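Welcome, and thanks for opening the viewer. Let's walk through this model one selection at a time, starting with a pair of helices and then stepping back.

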Amino acid sequence: MTADAEAGSAGSEKPRQPELKRVLGWKLLLLFIIGDILGTGVYALTGQVAGEVGGAAWLPFLIAFAVATLTAFSYLELVTKYPQAAGAALYVHKAFGVHFLTFIVLFTVMCSGITSATTASRAFSANMLTAFSGGDEPDSTNPALLFFAIGFLLLVMFINFRGVAEGVGTNVVLTLVELSGLLLVIFIGYWFIIGGNAEHWDAVIAFETAADKNAFIAVSAATALAFFALVGFEDSVNMAEECKEPTRIFPKVMLTGLGITAVVYVLIAIAAVAIVPVGDLAESDTPLVQVVEAAAPDFPMTELLPWISMFAVANTALINMMMASRLLYGMAKQGVLPRFLSYVHPGRRTPFAAIIFTTVIALCLLVYVSADPDSNVVGLLGGTTALLLLAVFTVVNIAVLVLRRDKVEHKHFQTNVVFAVLGAVTSGALTLPFARADNEQYVIAGWLLLLGVILWALTYWWHRRHPAGEAHLEDVG
């Protein structure tokens with residue numbers, strides 16, 4: 001590093017920013033990952049996946065988890081090798097050192113979290129109105145949907161600002177509630193199946209696709225959609241600086257969390273198609289309610305599920321907004337974004353500037369998607385989230401191979417080269433048009449990335465005006 005760069009780096013450290021507080025042990029991290037993956041996805045996607053492939057709705061979830069596990073090994077090598085916030089963007093920056101590519105990956109990851117959280121906020125509002133109306137779903141033109149969704153995002157911002165301990169503590173409660181609800185569905189469903197009452201058991205291995213799709217195309221589209229549930233990868237690695245001994249605990253915790261959630265998703269999908277006709281599942285906004293109503297008609301699931309769903313989607317939003325703010329904080333700390341986004345509140349020790357910035361983006365996106373009451377917000381934003389996430393997975397699998405030449409002093413997890421190559425190929429394939437249920441997802445992603453390019457240009461200009469920040473960026477690269 002040059003003398004000027006050293007001077008720039010030294011100057012950028014005055015006054016010195018406080019470090020993030022390390023409060024996450026293996027138990028909290030495990031609940032964090034489980035709560036993230038079991039959030040909005042399992043409650044919203046089971047019916048839509050069944051609509052793509054028929055009774056074999058469990059297969060796309062299983063394939064999605066298999067592909068995700070390949071990428072998980074790459075993430076584990078990188079997060080144990082570089083246990084810092086910023087996740088994929090940091091890894092790409094270290095691998096390629098190209099500022100534009102780093103920023104686009106950063107923005108893509110941030111968008112995947114924010115689109116997921118925005119979808120969850122809308123779902124939270126709808127479930128809240130449903131719960132208080134005694135089970136009647138609100139009309140899509142009801143202005144209360146937007147009002148309560150905005151209020152919910154502001155509440156998430158407040159919890160996020162209070163601190164990671166409060167945020168993760170809230171996550172523990174919400175995770176236990178949503179997991180209890182899913183276990184209840186599994187228990188009731190399989191009690192019904194074991195009793196020999198499942199009239200549609202044969203449908204579990206049956207493919208029923210649209211006339212213009214073959215089985216491969218249908219499974220690919222359903223698998224890509226199932227990736228909406230797997231935002232937990234980037235969320236968890238972005239909490240690395242707030243974990244105790246991240247190099248030691250991450251591998252076991254991430255793989256355990258993936259295994260638990262994969263079992264839950266597959267069990268739910270099998271029970272759903274065995275108990276309820278596939279056509280009814282595909283058309284329902286509350287497929288799990290139909291499963292319990294068919295298996296246990298006297299159980300008050302219609303009144304209970306909106307409340308459980310509120311907790312589930314609240315968990316999704318909280319975790320994704322925590323991830324997005326830590327992502328911005330981490331890269332601003334490395335000099336890839338303007339330094340003001342790395343400001344940590346001296347009392348709460350939380351990245352308050354990044355929290356406010358990501359909340360503003362989420363609010364703008366929420367208002368935008370709510371302008372058209374006829375749009376399929378969950379389907380489009382969910383598919384867009386999966387599209388963005390799969391693109392990031394592809395780049396991360398390539399980055400882990402490039403960074404093999406970068407040696408570090410401490411021991412870390414190391415993935416197999418074959419796993420990384422397979423992860424890149426499969427993730428990249430699932431971003432292609434044949435794996436898209438709705439090509440409008442490309443339009444939404446394209447506009448988001450265009451916004452990213454504009455922000456990159458502004459950031460580049462900011463670095464040219466602040467040579468100290470640029471010197472720090474070159475040092476990191």
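Predicted model: local features only at pLDDT ≥ 70, side-chain atom pairs only at ≥ 80, totals over all residues.

**First stop: H7 and H15**

Select residues 143–162, which form helix H7, together with residues 352–369, helix H15: the two pack at an angle of about 170°, and their axes lie 10 Å apart. Since angles over 145 degrees count as roughly antiparallel, H7 is therefore roughly antiparallel to H15.

Now show side chains. From H7, pick Leu146, Ala149, Ile150, Leu153, Leu154, Met157, Asn160 and Phe161; their partners in H15 are Phe352, Ile355, Thr359, Ala362, Leu363, Leu366 and Val367. Colour this H7–H15 contact by class and you will find 13 nonpolar residues, two polar ones and no charged ones.

**Second stop: H4 and H11**

Next, select residues 58–81 for helix H4 and residues 246–275 for helix H11. These helices pack at about 175°, with 10 Å between their axes, so H4 runs roughly antiparallel to H11. The contact of H4 with H11 has 19 nonpolar and four polar residues, and no charged ones.

**Last stop: the whole protein**

Zoom out and switch to a cartoon view: the protein has 19 helices and zero strands. How many of its residues are buried? Of the 477 residues, 57% are. Among contacts between residues at least 6 apart in sequence, 82% link residues at least 24 apart.

How values were computed: Residues numbered from 1 in each chain as written. Heavy atoms only, no water. Axes fitted to C-alpha atoms, helices over the stretch in contact; angles between N-to-C directions. Helix = DSSP H or I, 4+ residues; strand = E, 2+ residues; numbered from the N terminus. Parallel < 35°, antiparallel > 145°, perpendicular 65-115°, else oblique. Contact = heavy atoms within 4.5 Å. Nonpolar A, V, L, I, M, F, W, Y, C, P; charged D, E, K, R; others polar. Buried < 20%, exposed > 50% of the residue type's maximum accessible area, 1.4 Å probe, protein only.
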